[in-house]
Amino acid sequence: MAVPKRRVSKTRRDTRRSSVWKLEPTTIVQCPNCKEYILPHRVCKACGKYKGIEVIKQEEAK
């Protein structure tokens with residue numbers, strides 16, 4: 001069975017533990033066509049366009 005040779009200091013232990021759980025906020029960008037906020041590299045749900053090309057046909061509001 002493996003046993004540590006030396007005791008790990010509190011600083012070294014806490015440094016190792018702290019870097020694992022850092023969360024980053026999700027990135028959101030504006031659609032260049034309708035200025036809605038969307039996730040990058042996804043089709044805009046509001047206008048149905050991706051990189052200026054209409055991918056999903058949207059019905060016009062009456």
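## Charge and surface

Let's start with charge: the chain carries 16 positive and 6 negative charges, and their mean positions lie 21 Å apart. Here Lys and Arg count as positive, Asp and Glu as negative, with His and the chain ends not counted; each charge is placed at NZ of Lys, CZ of Arg, CG of Asp or CD of Glu.

This is a predicted model, where local features need pLDDT of at least 70 and side-chain atom pairs pLDDT 80 or more, while totals for chains, interfaces and linings use all residues. Residues are numbered from 1 along each chain as its sequence is written, and side-chain values use heavy atoms, leaving out hydrogens and water.

## Overall form

The C-alpha trace spans about 75 × 25 × 20 Å along its principal axes. The radius of gyration (over C-alpha atoms) is 24 Å, whereas a compact globule of 62 residues would have one near 11 Å; that rule is 2.2 Å times the number of residues to the power 0.38.

Buried residues make up 8% of the 62. Buried means under 20% relative accessible area, exposed over 50%, and partly exposed in between (1.4 Å probe, protein chains only).

## The cysteines

How many disulfides does the structure hold? There are zero, a disulfide being a pair of cysteine sulfur atoms within 2.5 Å. The closest cysteine sulfur to that of C34 belongs to C44, and at 3.6 Å it is too far for a bond. C47 is in no disulfide either, its nearest cysteine sulfur being that of C44, 3.7 Å away.

C34 is partly exposed, at 31% relative accessibility, while C47 is buried, with a relative accessible area of 14%.
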